[in-house]
Amino acid sequence: MNERAYFDWNATAPLRPEARAAMVAALGLTGNASSVHAEGRAARQLIENARVQVAALLGAEASHVTFTSGATEANMLALSPAVTTGGRKGLRGKLFFAATEHPSVRAGGRFPADKIEELAVGRDGLVDLHALKEALAGAERPLVSVMLANNETGVIQPIAEIAGIVHEAGGLLHVDAVQGAGRILCRMDELGADLLTLSSHKLGGPQGAGALICGRGIQIEEPLIRGGGQERGLRAGTENVAAIAGFGAACAAALAVRQPAAARMAALRDRLEAGLKAIAPEVVIFGAGAPRLPNTSLFAVPGAKAETALIAFDLSGIALSSGSACSSGKVQVSAVLAAMGVEPELARGALRASLGWTTTENEVDNLLNAWRNVVSSLLKKQTQEGIAA
Ligand code: PMP
């Protein structure tokens, strides 16, 4: 019996040893980071060290990092009419986001429902830049949210180009960089992002930590949680020191190995996709024509049902996902694939394999062996159905 092989890194990644060590050390301390005594100052020091580590991953300034409970909360904090470049008179008029954004962006944050507009994507999953320009023409002080890379397909958006269009229109750009950070180059200045969201657990830090990074001069006038004034008044509540320390350590580790890790993952992903096609030439790989993350592959064969395939994979020791973790469990067609114009029948069979820094060639080959069985039992079923009909 094979060891289990984990291919669901986009849902959550294993804790990096560096993050675990930082968390264990932090859990050994007693101290509220707001206290002035030595114990409190030691807790504060861990948080401020982590802030430097998170900022370094993005080429940002540490003082621009606000820690949150995760990316969902960071998106909620960012997507507010009260994001300004100075004073309340700068309130945002409308929020625009790409149709393939994560549900935590598509929920619209703190904008009222009548101030939200969706931006179309093409069949490749890329934001239609022409449609973006048209949507923003005449929009007053828009806030635009486009993710760096999609959690289901891995498709990478041309963020720098989008930033140019948004700024030209007098708007600000928020980038959900949850899936891109640590995997591809993700610097605030090169992306042209005004606000950027990160999640700890996709980078090898613990679940339940994240951050919003505000670019120079960007202010959020409306706190998300009022109370004791922590995190520069934006997010009150005693900080989760151990989680933040683990998040910081994960960012430092991810930055140190990003390039070799990406090259390794891309080679394994290519081996996987070549194998999927060799076994089932009719397989469709979504977003394959666009730039994609080195670790993500979303695929389907016509006629397959993702739920059945997922169970078969699981029984063979392979952990896959049927798209985003947030929508798995519900029998729903992926909103991402729907936005890309994929026929619902095909979308229902979509399976996501996402790789990480410990994935091996052997694990990929085990996935492919399981795929061979899934595809052949599917073909057998189709033939039987054909006879029955
Ligand atoms: N944005 C994207 C692109 C994601 O993939 C996720 C996690 N599925 C989130 C936001 C939410 O992150 P968190 O789990 O930290 O709230």
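**Notebook: ligand site and helix packing**

I began at the ligand, where a polar side-chain atom of T72 lies 2.6 Å from an oxygen atom of the ligand. I note that this is a predicted model.

**Entry: the ligand**

I looked up the other polar side chains. D176 places a polar side-chain atom 2.6 Å from a nitrogen atom of the ligand. For Q179, I found an N or O atom of the side chain 2.8 Å from an oxygen atom of the ligand. Next I asked how many residues surround the ligand.

**Entry: α1 and α8**

I turned to the helices. Helix α1 covers residues 17-27, and helix α8 covers residues 241-279. Their axes come within 8 Å. They cross at roughly 155 degrees. Are α1 and α8 roughly parallel or roughly antiparallel? Angles over 145 degrees count as roughly antiparallel, so α1 and α8 are roughly antiparallel to each other. I recorded the crossing of α1 and α8 as right-handed.

Then I listed the residues that meet. From α1 they are E18, A19, A22, M23, A26 and L27. From α8 they are V241, A242, A243, A245, G246, A249, A250 and A253. By class, I have twelve nonpolar residues, one polar and one charged in this contact.

**Entry: α2 and α8**

Helix α8 also packs with helix α2, residues 38-58. I noted an angle of about 30 degrees and axes 8 Å apart. Angles under 35 degrees count as roughly parallel, so α2 is roughly parallel to α8. Is the crossing of α2 and α8 left-handed or right-handed? I have it as left-handed.

On the α2 side I wrote down A43, L46, I47, A50, Q53, V54, A56 and L57. On the α8 side they meet V241, I244, A245, F247, G248, A249, C251, A252 and L255. This contact divides into 15 nonpolar residues, two polar and no charged. I see V241, A245 and A249 of α8 in the list for α1 and again in the list for α2.

**Entry: α5 and α6**

My last pair was helix α5, residues 129-136, and helix α6, residues 159-168. They pack at an angle of about 20 degrees, with axes 10 Å apart. That angle makes α5 and α6 roughly parallel to each other. Their crossing is right-handed.

Which residues of α5 and α6 meet? From α5 I have L129, L132, K133 and L136. From α6 I have E161, I162, I165 and V166. I counted this contact by class as six nonpolar, no polar and two charged residues.

How values were computed
Residues are numbered from 1 along each chain as its sequence is written. This is a predicted model: local features need pLDDT of at least 70, side-chain atom pairs count only at pLDDT 80 or more; totals for chains, interfaces and linings use all residues. Side-chain values use heavy atoms; hydrogens and water are left out. Axes are lines fitted to C-alpha atoms, for helices over the stretch in contact, and angles run from 0 to 180 degrees between N-to-C directions. Helices (H or I, at least four residues) and strands (E, at least two) are DSSP runs, numbered from the N terminus. Angles under 35 degrees count as roughly parallel, over 145 as roughly antiparallel, 65 to 115 as roughly perpendicular and the rest as oblique. A crossing is left-handed if the near helix is turned anticlockwise from the far one by less than a right angle, and right-handed if clockwise. Contact means heavy atoms within 4.5 Å. Ala, Val, Leu, Ile, Met, Phe, Trp, Tyr, Cys and Pro count as nonpolar, Asp, Glu, Lys and Arg as charged, and the others, Gly among them, as polar. A residue is near a molecule or strand if one of its heavy atoms lies within 4 Å of it. A polar contact is a pair of N or O atoms within 3.5 Å; within protein, one must be able to donate a hydrogen and the other to accept it, and residues adjacent in sequence count only if both atoms are side-chain atoms.
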